[in-house]
Amino acid sequence: MKNTTRIRLSALFLAIIVIFSAPLSVQAALKSEKAESKMEKSMLTEENVRLMSAIIFCEAGSEPYAGKVAVGIVIMNRVHSREFPNTIKKVIYQKGQFTPARSGALNKVLKKYDNGSFTEKNHLDSVQAAIEVLEGRNFVEHKGEEINMDSYLFFSANMKNCRLKIGNHRFR
């Protein structure tokens, strides 16, 4: 079984456990998986899932699933762009870019993630979106269409000249 498939299955299994039993940390499940699968060579690492899940929730927690995925794709596009820093952490904490990183909201969500109380549906959807994006997903399914988002670097609720609108977010 491919490592990424095993990681996705582990994360989904964890989501089921979280819903039906005492709260467990997604981080703890991925930590044990990391030891088995050498995720260091991939973007799918424990820390990247943690950080990406939290920022997706902060930016798109109440948005449709496609919006959550789109936010994650924009972050990954920035990581791969020469115009932005080359790690997820540096992109998220880049000065003037993500309001939750500046306001302290991201730190509050990370604490919730770390203590195992990141268990609501929008939390789990954010984790799933993060995993898919870290595995390389570069498209969203929106209004019955599959939209390739390789060239999207920005999103906002108030953006002009957007190319795509999902929920309350505009992307370009």
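Predicted model: local features only at pLDDT ≥ 70, side-chain atom pairs only at ≥ 80, totals over all residues.
Trainee: Why is α3 called oblique to α4?

Mentor: Helix α3 (residues 46-60) and helix α4 (residues 65-80) pack at an angle of about 125°, and their axes are 9 Å apart. Angles of 65 to 115 degrees count as roughly perpendicular and those over 145 as roughly antiparallel, the rest beyond these being oblique. The angle of about 125° therefore makes α3 oblique to α4. The crossing of α3 past α4 is right-handed.

Trainee: Which residues make the contact of α3 and α4?

Mentor: From α3 come Met-52, Ile-55, Ile-56, Glu-59 and Ala-60. From α4 come Gly-67, Lys-68, Val-71, Gly-72, Ile-75 and Met-76. These residues divide into seven nonpolar, two polar and two charged.

Trainee: What makes β1 and β2 a pair?

Mentor: Two strands pair if at least two bridges are found between them. Strand β1 (residues 139-142) and strand β2 (residues 145-148) are joined by four bridges, in the antiparallel sense. They therefore meet the criterion for a pair. His-142 stands opposite Glu-145 in β2, and the hairpin has two residues between its strands.

Trainee: Why is Lys-143 called exposed?

Mentor: The term exposed requires a relative accessible area over 50%. Lys-143 has 74%, and is therefore exposed. This residue lies in the loop between β1 and β2, and has a positive phi of about 50° although it is not a glycine.

Trainee: How do you know that Asn-161 is exposed?

Mentor: The relative accessible area of Asn-161 is 69%, to be set against the cut-off of over 50%; Asn-161 is therefore exposed. Asn-161 is located in the loop between β3 (155-156) and β4 (164-166). Its phi, near 60°, is likewise a positive value in a residue other than glycine.

Trainee: What makes β3 and β4 the edges of their sheet?

Mentor: The open sheet has three strands in the order β3-β5-β4, with antiparallel pairing. Each of β3 and β4 has a single partner strand, so one side of each is left without a neighbour in the sheet. Between β4 and strand β5 (residues 169-171) there are three antiparallel bridges, and Ile-166 has His-169 of β5 as its bridge partner.

Trainee: Which helix packs on this sheet?

Mentor: Helix α4 does, touching β3, β4 and β5, and its direction makes about 40° with that of β5.

Terms used
Residues numbered from 1 in each chain as written. Heavy atoms only, no water. Axes fitted to C-alpha atoms, helices over the stretch in contact; angles between N-to-C directions. Parallel < 35°, antiparallel > 145°, perpendicular 65-115°, else oblique. Left-handed = near helix turned anticlockwise from the far one by under 90°. Contact = heavy atoms within 4.5 Å. Nonpolar A, V, L, I, M, F, W, Y, C, P; charged D, E, K, R; others polar. Buried < 20%, exposed > 50% of the residue type's maximum accessible area, 1.4 Å probe, protein only.
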